[in-house]
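Here are some worked exercises to go through with the model open beside you. Try each task before you read its solution.

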Amino acid sequence: MCFLSSISCSIDDQVTRVAWLNRSNILYAGNDKWSIDPRVQLLNYNKTEFSIVITQLDVADEGLYTCSYQTQDKPHTTQAYLIVQVPARIVNISSSITVNEGSNVNLMCLAVGKPEPTVTWKQLHPTEGFSSEGELLEITEINRQQAGEYECITSNGVSMPDSKKVMITVNCECCMQEAPLGGGGVFCMGRGSISVSTSTTPSSPYCPGLDRLSVGMEGMKIQNERTWSVLLFSNVTSRHYGNYTCLASNKLGSYNSSVRLLSK
C-alpha cells in the first residue's frame with residue numbers, strides 16, 4: 001500500500017536525549033537509526049520537534065509508539081497509537097453460473113478491509129434497481145427475468161470501492177405467442193426459448209417450416225431476431241392460405257404453435 005504516516009514528539013531545548021520506540025524496539029535515538037526497516041525514516045530533529053515517518057504502511061505497523069526523552073531533572077515519555085486503515089477489497093466471489101428456471105441460487109462475495117467494509121449486491125441487467133445488502137445473495141426459485149449480470153460492491157470509506165461481476169444464465173422451457181400483423185405477416189415469439197443472459201445466448205427461436213417455405217414460395221420474407229421471428233407476406237394470393245407452424249426449442253424441450261392464414 002502506498003500510504004504513509006508521520007509521528008511527531010514536541011520537545012524543547014531542555015531535552016538532552018530523545019528516542020522513538022515501537023513497543024520495546026528502538027526505532028531512532030536522536031539522529032541514529034536503530035531500526036533495520038527501510039520504511040522508517042527520520043523526518044525532523046530540531047529544538048522543538050522530533051518526528052519520524054513510516055512509508056508503505058502495513059497492518060503490522062499498527063500499535064503503540066513511545067517518544068522517550070530525557071531532561072536534566074528526569075525522564076519523560078509521550079505516546080501515540082497508530083491506527084492503520086486498509087481499503088476494502090474483494091478476495092473471493094462466486095463464479096458465473098447457469099441454472100434452470102425455478103432453481104435456488106446462492107452467490108457469495110467475501111471482502112476484507114479496515115474498518116470492516118460493507119458489501120452490496122446489485123442486478124445490472126436486464127433491469128437495474130434490485131439490490132441486496134450482505135455478502136450472501138440468495139435468490140429463491142429464480143425466474144427468467146432475474147437472469148443477467150450481478151455486481152458485488154464493497155467499500156469502507158478508505159479508498160475507492162472495489163467491485164466484481166457475476167453472470168447468472170437461466171435456462172427455461174419454451175413457450176410461445178403468435179399474432180397476425182395487420183394481415184401482412186405472422187409474428188412468432190419464443191419466450192424463454194433460449195438460455196437467457198446478457199452476454200452470450202444460444203440460437204434464437206426458429207421456425208424451420210418457415211425457412212423451407214421461403215425457399216419454395218414467392219412473396220414471403222422471414223425476419224429473425226434473438227427471441228422472435230416474423231413471417232412477412234407481400235402480394236398475398238390463395239396459394240399462401242393455410243396453416244403455418246413455428247417451432248421453438250432448447251435443451252429443456254421444444255414447443256410449437258400454429259396459425260392459419262385465411263382470406264377475408
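**Exercise 1. Find which residues are linked with Arg-39 in a network of salt bridges, and work out which parts of the chain the pair Arg-39 and Asp-61 ties together.**

Step 1. The network links Asp-37, Arg-39 and Asp-61. A salt bridge here is a side-chain nitrogen of Lys or Arg within 4 Å of a carboxyl oxygen of Asp or Glu. You're looking at a predicted model, where local features need pLDDT of at least 70, side-chain atom pairs count only at pLDDT 80 or more, and totals for chains, interfaces and linings use all residues. Residues are numbered from 1 along each chain as its sequence is written, and side-chain values use heavy atoms, with hydrogens and water left out.

Step 2. Check the distances. Arg-39 meets Asp-37 at 2.9 Å, N to O, and for Arg-39 with Asp-61 the closest N and O atoms are 2.8 Å apart.

Step 3. Now place the second pair. Arg-39 sits in the loop between strand 4 (32-33) and strand 5 (40-45), and Asp-61 in the loop between strand 6 (49-54) and strand 7 (63-70), so this bridge ties together parts that are 22 residues apart in sequence. Strands (E, at least two residues) and helices (H or I, at least four) are DSSP runs, numbered from the N terminus.

Step 4. Look at burial. Buried means under 20% relative accessible area, exposed over 50%, and partly exposed in between (1.4 Å probe, protein chains only). Because its relative accessibility is 17%, Arg-39 counts as buried; Asp-37, at 22%, counts as partly exposed. Asp-61 is buried, as is Arg-39.

**Exercise 2. How many salt bridges does the structure hold, and where do Arg-144 and Glu-101 lie?**

Step 1. The total is 4 salt bridges. One of them joins the side chains of Arg-144 and Glu-101 at 2.7 Å, N to O.

Step 2. Arg-144 is in the loop between strand 14 (136-139) and strand 15, while Glu-101 is in the loop between strand 10 (97-100) and strand 11, so the pair connects parts that are 43 residues apart in sequence.

Step 3. Glu-101 has a relative accessible area of 30%, so call it partly exposed.

**Exercise 3. Describe the surroundings of Asn-156: is it buried or exposed, and what does its side chain reach?**

Step 1. Find Asn-156 in the loop between strand 15 (148-155) and strand 16 (162-171). Its relative accessible area is 16%, so it's buried.

Step 2. Follow the side chain. It reaches the backbone oxygen of Pro-115 at 3.0 Å and the backbone nitrogen of Val-158 at 3.2 Å.

Step 3. List the neighbours, leaving out residues up to four places away in sequence. Asn-156 touches, among others, Val-86, Ala-88, Gly-113, Lys-114 and Pro-115; contact means heavy atoms within 4.5 Å.

Step 4. Take a second look at Pro-115, which is in the loop between strand 11 and strand 12 (118-123). The peptide bond from Lys-114 to Pro-115 is cis, with omega near 0 degrees.

**Exercise 4. Which residues form the aromatic pair, and what is the angle between the planes?**

Step 1. Apply the rule: rings of Phe, Tyr and Trp (its six-membered ring) pair if their centres lie within 6.5 Å, and planes under 30 degrees apart are stacked, over 60 edge-to-face and the rest tilted. The count comes to 1 aromatic pair.

Step 2. The partners are Tyr-45 and Phe-50, 5.2 Å centre to centre with 65 degrees between the planes, which is edge-to-face.

Step 3. Compare the two ends: Tyr-45 is partly exposed at 36% relative accessibility, whereas Phe-50 is buried at 0%.

**Exercise 5. Where is Gln-56, where is Glu-141, and what is phi for each?**

Step 1. Start with the background: most residues other than glycine have a negative phi.

Step 2. Gln-56 is in the loop between strand 6 and strand 7, and its phi is near 50 degrees, a positive value. With 48% relative accessible area, Gln-56 is partly exposed.

Step 3. Glu-141 is in the loop between strand 14 and strand 15, with phi near 50 degrees. At 56% relative accessible area, Glu-141 is exposed.

Key. A polar contact is a pair of N or O atoms within 3.5 Å; within protein, one must be able to donate a hydrogen and the other to accept it, and residues adjacent in sequence count only if both atoms are side-chain atoms.
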